[in-house]
Amino acid sequence: MKSKFYIALVTMFLAASVINASARAAPVRKKLAIKAGSIITITGADIRNGTILIEDGIIKAVGKNVEIPWDAFVIEAKDRVVMPGFVLAHTSSGLDRANENIPEVPFLSTFDSIDPVSFYFEDSLRDGVVAMLVLPGNNTLLGGTGTVVKPHGRTVEAMLIKRYTGLKISLRPAGNTSRMGHMQRFRRYMSDLKDYLEEYEQRKADAKEEKKPFDEEIDPRKQAMVDLLNIKLTAFIYCDIAADVPKALEIHETYKFNTVLVLSPDCYKAAGLIAQKKLPVILPSQLVVWETNEETNEEEMKVIPMIFHKAGVKFAFQTDTSQYGSRYLWYQAATAVRHGMKRTEALKSITLYPAQFIGVDDRLGSIQAGKEATFIFLTSDPLDAQAWVDKVMIAGEIVYEKEKDKRLKKLLEKPEEIQKPKDTD
Amino acid sequence: MRTCVILLSFLLLIPALAQDEQSEVTAIKAGKILTISGSPITDGIILIKDGKIADIGTGIEIPENASVINAGQKIVMPGLVDASAAPPVRGDLNEEHKEITPTVRISTALDPQSKVLKRIVQTGTTTLYVSPGLRNVIAGLGAVVKPTGKIPKEMVIKEDAALTIVMSMDPTYGNQTPRSQPPRNFYFRRPTTRMAIIWMLRKSFFDAQKYAASKEKDDPEMQILASALDDKIPVRLNVRRAINIRTALKLADEYDFQLILDECTEGYKVAEEIAEKQVPVVLGPFYYYPGSLGQSREGREVNWNNAGILTKAGAKVALTSGAQAQSIDLLTAAAFAVRHGMPRDKALKAITATPAEILGVADKVGTLEKGKDADILILSGDPLEVTTRIEKVILNGKIVYKAE
Amino acid sequence: MVRAADAPQHLAIRAGRIWTVTDGVIKDGVIIIKNGKIQAVRKKPDVPEGMKLLDFSDRDVMPGLIDAHCHIGLSLDIYSEIDETVLAVTPDMQIIDAFNPLADDVKKALSSGVTTVLLAPGNKNPVAGQTAVVKLYGKTTKDRVLKRSGGVKFSLRDDALMSDRRPTSRAGLLALIREELNNAKTHKDDKPDLRIEVLKSVVDANFPAYISAYTVDEIASALTVIDEYGLNAVLIGAEEGDEIAQLIAKQNIPVIYSPVLLFSRDKDLKRVVKMADSGIKIAFSSKSPRTPLSSLRTSAITAVKYGLDKEVALKGLTINAAQILGVAKRVGSIQRGKDADLVIISGDPLQPTSTVEMVIINGNIVYQRQKI
């Protein structure tokens, strides 16, 4: 009888380990060491032939002569440039619908609308983006709250980096309203909110006085706006034309929100104004605009990142998935460098700064001890037009390899089977 | 006697005076000159006189009174040739009252004050092809122009450079079939299907052949079609899908005209045949489609490496920026073509010498060689890098753009 | 207003200044009018006995103004009458057939000082029809109509492009014009066709072509066509003509300029001046109803303000227009033998403060300012 018991125990053990083994195709290593030809840390100088030590998905150390523990799995990347993955501080792609029909819906969340199967995420990972703040679109006054996700995962939960991040406010008049009507709508909402909160506090105070229990919660539909007022959420205010910027600044001053401005190309005209308030800015995807000078009737080229850079404004780039070049964050940074921006600053605008704007800079945006081991392995310098993302690592795990990217292969290689008709008309 | 001496010395002076009044010479000194026609020249000099390249090479003597542009270690290359650019034309590119309009010359609608001209120059293009729109089956005649000149005539360097014919579905858009209602406007007409487009083409070629044989002289439309069939004017055929590309190749054989494939989105599927027939390809700009599979209108399948695959098969490929005003510039188009697999040297040729050949203006532009137009770019670095800036653009020997 | 029906046509006008335009300014002179024509222009203030005298010793007299391009009197709904757009090419249409001399706007225009106008079809047809030169008053058709058919109007403007008839594009527009001119050139006489006859006379340079072209590329296209077919041509509008003024001057093409007061930018207001300085003959127009006839003088005054020579400006309102329109034998200056079309004005014609006091056409007083 005892032997039967032991046999059962052993069988159970074996079964368990088999199940365990099949559940994970690739073992997640506890300790990793990446030996890279070049490491761009973003916060410090670039390191040639350096090493990054990773433990449990967190960067333990990075440097030129780092000692590698005996039990660390070594990834050879001598011909690669390793840098932090790109961070996108604002996008409305990957959603079922970017905008709601009703103008005031701050209680909505993009968490409920993100489509993990959307090509947008597959493309983003391929292009080296490791985190994006998905916010509602530009056509809703109070659009709702955003979600920071990584473009990798079968479900939104699996993609999740940070929930409940940012509340989108758009100053573009919805439907047939005028700007006047749109602003009034916002003020009325805030005024009603203020009344509601005062009454709520009054009821709370009354209950306290009467020594009665008070378990009334804030109306969940208003919770997000209340959190905005209490600086628990950041306001992402979209300005459609330059004239919206003073309005956005007025909102910032009046309610003392923690504010990030999301700009359209026209807003370059307000760069000086924005610089005074030292507010962070997310640039439009279109970086170069041509405007007609009314007097000379000639076209003049305006380079938006340079205008803001010269005014001393800190910014992050956006992308446009329908455009050739500006669908890539590296292209946006390279365009800025072409027109005179310093390389280090341009690279910060696609890594560290967007991470700061969306509040994930504790773990992303640079290669420093304590941050997440989330990197991209590039075939050459990030601003090089020929550089490809070879691998993407998120929290110590390789989640993308160009070699295994079937879709990319299909797009770059000659099809194996081409139907050739015998004759054609 | 003294008067004679004075007179004589005067006479001797005159040629010397005349020498000073001769056109000035400009010299460009650069660390690297990409001639495109041959190997790059290191620490070279280009001499420009009367708007043309007078000499190019190393160790060239610079005349005393020459104005010198010292480009230091910058890179110099020929001005770019765009075989399909945003047209500096006013208004509609399509003459829509009927589908066959061979006499429409887009050069008559050129606008020297067009706003796109400044953009064209600042992105390095010094020669471009302007075509009628794609809404007609036989749309008319295109011209090769330079972005300079006060009046349209001054812009044109080659009139009637090609006859635009469209086999893609664009001519069907807007056409309607009169069913129960009587036709209300001239859009109630053929073609509404691919079948009809090809039929109209064949009919036109057939009529043109008959006309040519009959020795009549007074039908201007037939005259132009007959010239095309006689190889006097190349035919630029707009095609996207592989089936249309094959049909185009077949028609070119059948009617024996000089074919240039325009846009050619699925060219990679027919690469060998195109290369074999030595038909040049003017590639349309390369569009991304959400979904990465590249599906789009007309069911064409995009391959990002269209240019590379065609080039590897041996076809002659020109890259373009596309006829949209907001499109990408030529240098970036070439950079992306290389990124996706086109060899570097072919990509640089594809925006200079190759389009010049295809457009029939290779005697004037496309490479830096003695005798050609002085259309020159001075760049801050490698032309195929996004971080490179165009510092100066020289057109016909004059600086027309200088970066701030 | 005084109805001129039975007014005498023999009269003398004494004036403080007579702006003859062709022979300088005569101080304290007298104009003798007989049978509606200027019989004499005297440098002395003496008047023959027994003649009715209009004494304007403290006023100025100038020739009746000529509006070189307008659409006045063209029936009830102004715009609909000037473009016959069903067909693109209508050289046989004659604008005179649409003219109503008793129209309200014609009567009201008498106070402007404009006495002769060129009537033309609009810009919506590439080949629009035939122009006419008429006076704003005449007892008989002979008195009123100076030219029943003055020339053929062509339009290179975007207005001539339509979405439902040819041409729909600029290239198509030029192809059409060339096609029509070529057809006229090669036409054989056996098949009579009025439309082709008219165009044939244009191609033979017997009949002037009035070509509407405003922008540089339109003007350049016009110049090319004029040169190609050897046309006898006049440019209408030519707003950006200063940019290629040398080319226009070289081909000796006169210009009927758009109303200057439509412009607001300095750059635009100076264009007509640059063109005149290049030697181009310029006449002013109102394009009424775009601007009223009463503002014709204002266009000239504005041009002077921006640098136009005063004498050139005055000519632009009078003799230049007459010469361009081919009616200089009858109007355009105060000279013996010409029609008695005169304007009595309170001061220098090129001063904005000067007002029109009286207008005389063919010796008839057609307008007199009421004293309040």
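View 1. Five residue pairs in polar contact, both members at pLDDT 80 or more, are found across the interface of domain 1 of chain A and domain 2 of chain A. A polar contact is a pair of N or O atoms within 3.5 Å; within protein, one must be able to donate a hydrogen and the other to accept it, and residues adjacent in sequence count only if both atoms are side-chain atoms. The model is predicted: local features need pLDDT of at least 70 and side-chain atom pairs count only at pLDDT 80 or more, while totals for chains, interfaces and linings use all residues. Residues are numbered from 1 along each chain as its sequence is written, chains are lettered from A and ligands numbered from 1 in the order in which they are written, and side-chain values use heavy atoms, leaving out hydrogens and water. The same interface holds two salt bridges (side-chain nitrogen of Lys or Arg within 4 Å of a carboxyl oxygen of Asp or Glu). R343(A) and D46(A) form a salt bridge through their side chains, at 3.8 Å from N to O. On the side of domain 1 of chain A that touches domain 2 of chain A, the elements giving two or more residues are β4 (73–84), β16 (389–394) and β17 (397–401) of chain A; strands are DSSP runs (E, at least two residues) and helices likewise (H or I, at least four), numbered from the N terminus. With three residues, β16(A) gives the most to that side.

**View 2. Domain arrangement in chain A.** The assignment, from an automatic or database source, gives domain 1 of chain A (18–85 + 365–402) and domain 2 of chain A (86–178 + 218–364). Their centres, taken over C-alpha atoms, lie 28 Å apart. Contact, meaning heavy atoms within 4.5 Å, joins 24 residues of domain 1 of chain A to 23 residues of domain 2 of chain A. The two domains bury about 2000 Å² between them, 70% of it from carbon and sulfur atoms. Of what the side of domain 1 of chain A buries, I42(A), G365(A) and L383(A) together account for 28%, losing the most area to domain 2 of chain A. Buried area is the accessible area (1.4 Å probe) that two parts lose on being put together, summed over both.

**View 3. Domain arrangement in chain C.** Chain C is divided into domain 1 (10–63 + 334–368) and domain 2 (65–325), with 30 Å between their centres over C-alpha atoms. Here 25 residues of domain 1 of chain C are in contact with 24 residues of domain 2 of chain C. About 1900 Å² is buried between these domains, and carbon and sulfur atoms give 68% of that area. V21(C), L350(C) and I361(C) supply 33% of the area that domain 1 of chain C buries against domain 2 of chain C, more than any other three residues.

**View 4. Salt bridges between the domains of chain C.** Three salt bridges cross the interface of domain 1 of chain C and domain 2 of chain C. One salt bridge pairs the side chains of K310(C) and D348(C), at 2.7 Å from N to O.

View 5. T354(B) is placed in helix α11 (residues 353–359) of chain B. T354(B) is buried, with a relative accessible area of 8%; buried means under 20%, exposed over 50% and partly exposed in between (1.4 Å probe, protein chains only). Leaving aside residues up to four places away in sequence, T354(B) touches K316(B), V317(B), A318(B) and K349(B).
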